[in-house]
Amino acid sequence: MNNWMEQMSLSIGGKRIKDLVLPGTHDSASYSCDTKYGFLPMAPTVVTYPCIKNLALSWAISQRDNLYGQLCKGARYLDLRVCKSTIDMEIRTEHTVLGEKYQQLLKDIGRFADENPKEIIVLCFSHFRYNKKYPMSYQDHKNLCNMIKETLGDKLINRNEEFDTINELWSKNKQILIIYQHDLHDLHDLHNHDFLINGYNTMSIPWANKPRIGQLLTSLETIVNNRDNKQYFCLQCCVTPDTLTIVKGIICCNPTSLLQLGDNVCEPINNFLLKYKSTRKLNFVIFDSIGSASDIVTMLVEMNNVIWNMSSFLTH
C-alpha cells in the first residue's frame, strides 16, 4: 500500500484531490504521546495524578504506527493536532497528553514522500493550543509554517495548484497539500504562504461525538448525506469514549484503551462504508488504529476504481 496512487495512475490521474477517496488516520501523531512530555494545561487536573496518568495515556493514543508507518499502510490523510508545550516551549503534537516535536514528525512525512514521489498526501493541522488563557501566538504559527516549508519544501502544493489534476501535480513533483484549520487572515502575513489552504472555508469536518458504534453510524449516515460537494470533506469514523466506557474498562471489560476501542469497531465501520462503494459521497475518511483496519483501507482505495469505472488493480 505504500504506492497505491502510483499503481492507480490510469484511474486517478485525471482527477483532483477533491474527487478522490483517501483513507486517513484520526489523531495521527498520538502514537508518540507520553506523560514524560506533560499534559495540556487545559486538561482536567485529575489526569495528571500519578495513579491516573497512565490510564489517561491509554485513552489518548489512537494509533500504534508512526506517521511513516501509517503512510506505508495506505493512509493519505493525516489529522495533526498542534500545541506549544508550556514545559519546553517546543511545538508538539497532543491528544490531552503531549507527544513528539513537529521537527521529527515532518521529517517522517518527508521521508515517505521522498521514497514514493507519486503519492499525494493531505496534512490537516488543527487545535493550535498553548495554555488555559491563550492559544498559540502568531510567532508560534510562523515558526510552525517555516518548519513545514523548510522540511517539505518544493513538494508543497500551492493554492493555485490545489485543483490541478493528479497528473498535473505529478508533472510538477508536487505531493503535499496543507489544510490549516485556522483563519489565516488572523495571522497577518502568514496568509502570504501560498502552501497554506484555509481550512475554515474549504473543508467540512464534522465531529459526530458518539460513544456507541450504533449511534456513530446513524450520525455518520446523516453527515454523509448532507455533504457539501463544493468543499473537501472529512468523515471521522471514530467512536468517542465516554465515562461509562472508561469505567467499564477499569473494572472488567474490553475495551481498556482507545486503541482497543478502535480495533473493536473496524468491522461495523467497514460494513457501513461499503454501501458508499459506488457513490461519490466520500472524500477523506479517517479512523483509529489503522494497523487493525487494513480491510477498510483496501476498500476505500478500491472505491477510486469503482467510482471511475476502472478495473480493479488489487489482487489477493
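**Close-up views of a predicted model**

**View 1. Gln175 reaches the backbone of Ala113.** The side chain of Gln175 comes to 3.3 Å from the backbone oxygen of Ala113. That is a polar contact (a pair of N or O atoms within 3.5 Å; within protein, one must be able to donate a hydrogen and the other to accept it, and residues adjacent in sequence count only if both atoms are side-chain atoms). This is a predicted model: local features need pLDDT of at least 70, side-chain atom pairs count only at pLDDT 80 or more, and totals for chains, interfaces and linings use all residues. Residues are numbered from 1 along each chain as its sequence is written, and side-chain values use heavy atoms, with hydrogens and water left out.

Gln175 sits in the loop between α7 (166-171) and β6 (176-180). Helices (H or I, at least four residues) and strands (E, at least two) are DSSP runs, numbered from the N terminus. Gln175 is buried, at 3% relative accessible area. Buried means under 20% (1.4 Å probe, protein chains only). Beyond its neighbours within four places in sequence, Gln175 is in contact (heavy atoms within 4.5 Å) with several residues, among them Asn116, Pro117, Lys155 and Ile157.

**View 2. The largest pocket is lined by 35 residues.** A pocket is an open set of points on a 1 Å grid over the protein atoms alone, where a 1.4 Å probe fits, with protein on both sides within 12 Å along at least five of seven lines; lining residues have an atom within 4 Å of a point. The volume, the space filled by probe spheres set on the points, is about 980 Å³. Asp27, Arg81, His95, Thr96 and Trp207 lie nearest the centre. Strand β5 gives the most to this lining, five residues.

**View 3. The second largest pocket has a volume of about 190 Å³.** Its lining includes Pro211, Arg212, Val239 and Cys253. Helix α10 (residues 243-251) gives the most, with three residues.

**View 4. The structure holds zero disulfides.** A disulfide is a covalent bond between the sulfur atoms of two cysteines. Here the cut-off is a pair of cysteine sulfur atoms within 2.5 Å. Cys83 is buried, with a relative accessible area of 0%. Cys237 is in no disulfide either; the nearest cysteine sulfur, that of Cys238, is 6.7 Å away. Cys237 is buried, at 2%.

Methods. Buried means under 20% relative accessible area, exposed over 50%, partly exposed in between (1.4 Å probe, protein chains only).
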